Amino acid sequence: MVVAMVAASMASGLRTKAMAELCCYLTVALCAFLVPSFAKLTTIEHPVKPNRSLSFLVVGDWGRKGFYNQSEVAFQMGRIGEKLKIDFVISTGDNFYDNGLTSVYDPAFRDSFTNIYTAKSLQKPWYSVLGNHDYRGNVEAQLNPILRSVDKRWICMRSFVLKTELVDIFFVDTTPFVDKYFTDPEDHTYDWKGVEPRKNYLSSLIKDLKAEMRNSTALWKFAVGHHAIKSLGHHGDTAQLIKFLLPVLKDNNVDVYMNGHDHCLEHITSMNGAMQYLTSGGGSKAWRGDLKPDDDVNHSVKFLYDGQGFMSVEMNENEAMILFYDVEGLILHQWKISKQLRSAV
């Protein structure tokens, strides 16, 4: 009722088409803000190709207005995207450095996204999660549907499910899981509106993830989060995700977990299960040079590159081909995952 009255009041004074469209976007945005953050996960459907295949790119930790080789990585993404005829792009978070967006009018949105990823092949939906740097800004600005009037590709939510005929991809808001952002934020200020009380938020999220994954009938199940579960990069493993998220993924036979956060490219496989851990956080600034030792006997490191780049996935009912590329578009690593078709029974 209140939303309708506000929208009607604004509309009565409008005299141009542009202002009318703005009113529509404001009404949608206001409605979004009034929905409780602990609501059921949003589901988005995306079609597969006519031959029942799917291809997409994965990139993270990129938003630096073209600097630190962001533009160079973007160029190669455009080239590979055209070659693979990609259906969409996944962003693993830390979309805008250093401190997210200040508002829906922040020029960083255009400077770091719209004006950088200009290739024709990249004019597809960008399904994005938030990273810890995004939480240092105005979180609701990044989530606001008004940004889609600036660039229609932008689809960013805290947690949601992308459903296709081949794979269900579960996007998880991992930043609120990490204790240190609450107990020792250093000099940073985090925007926890919509998250606090934290315990309730995380409990609801885990409950919804369990329900969505349990009800999924997809041949493949992927998950996406900003923080790594397993990594030898600068940040390393995320203890809270190992404790709370990983059991959910294992119990529901998730095939792949994809993340950013560590500014590198990485592939780790489980020795006592089928899950693949893929890090694609080389969208811009990288080369930290402080990799951790490989001493986990329960996991095998198949590939680790402390540099810039991105990842591609091509998949059908039977297999998924994963490739990692560097800033020059050279293939650094590739891995094929085979999937036994599930019984119709």
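Mentor: Residue classes come before anything else: Ala, Val, Leu, Ile, Met, Phe, Trp, Tyr, Cys and Pro count as nonpolar, Asp, Glu, Lys and Arg as charged, and the others, Gly among them, as polar. Sorted that way, the lining of the second largest pocket has five nonpolar, seven polar and nine charged residues. Bear in mind that this is a predicted model, in which local features need pLDDT of at least 70 and side-chain atom pairs count only at pLDDT 80 or more, while totals for chains, interfaces and linings use all residues. Numbering runs from 1 along each chain as its sequence is written, and side-chain values use heavy atoms, leaving out hydrogens and water.

Trainee: What makes something a pocket here, and what makes it a cavity?

Mentor: It's done on a 1 Å grid over the protein atoms alone: in a cavity a 1.4 Å probe fits but cannot get out, whereas a pocket is an open set of points with protein on both sides within 12 Å along at least five of seven lines. Lining residues have an atom within 4 Å of a point.

Trainee: How much space lies in the second largest pocket, and which residues are closest to its centre?

Mentor: About 430 Å³, where volume means the space filled by probe spheres set on the points, joined across faces, edges and corners. Of its 21 lining residues, Asn132, His133, Arg136, His235 and Arg288 are closest to the centre.

Trainee: Which residues does UniProt list under "binding site"?

Mentor: The unreviewed entry gives Asp61, Asp94, Tyr97 and His263; such annotations may be inferred rather than shown by experiment. They are spread over 203 residues of sequence yet cluster in space, with a largest C-alpha distance of 13.1 Å. From this set, His263 is part of the lining of the largest cavity.

Trainee: Why is Asp94 called buried?

Mentor: Buried means under 20% relative accessible area, exposed over 50%, and partly exposed in between (1.4 Å probe, protein chains only). Asp94 has 1%, so it's buried. Tyr97 has 13%, so that one is buried too.

Trainee: How do you know that Asp94 and Tyr97 make a polar contact?

Mentor: The term needs N or O atoms within 3.5 Å; within protein, one must be able to donate a hydrogen and the other to accept it, and residues adjacent in sequence count only through side-chain atoms on both sides. The Asp94 and Tyr97 side chains are joined at 3.2 Å, and those of Tyr97 and Asp61 at 3.1 Å.

Trainee: What is Tyr97 in contact with beyond its sequence neighbours?

Mentor: Contact means heavy atoms within 4.5 Å. Leaving aside neighbours within four places in sequence, the partners of Tyr97 include Trp62, His133 and His263.

Trainee: What kind of peptide bond joins Tyr97 and Asp98?

Mentor: A cis one, with omega about -10 degrees. Another cis bond joins Glu196 and Pro197, at about 5 degrees.

Trainee: Is Asn253 buried or exposed?

Mentor: Exposed, because its relative accessibility is 54%. Its phi is positive, near 55 degrees, in a residue other than glycine. Arg52 also has a positive phi, about 60 degrees, but at 30% Arg52 counts as partly exposed.
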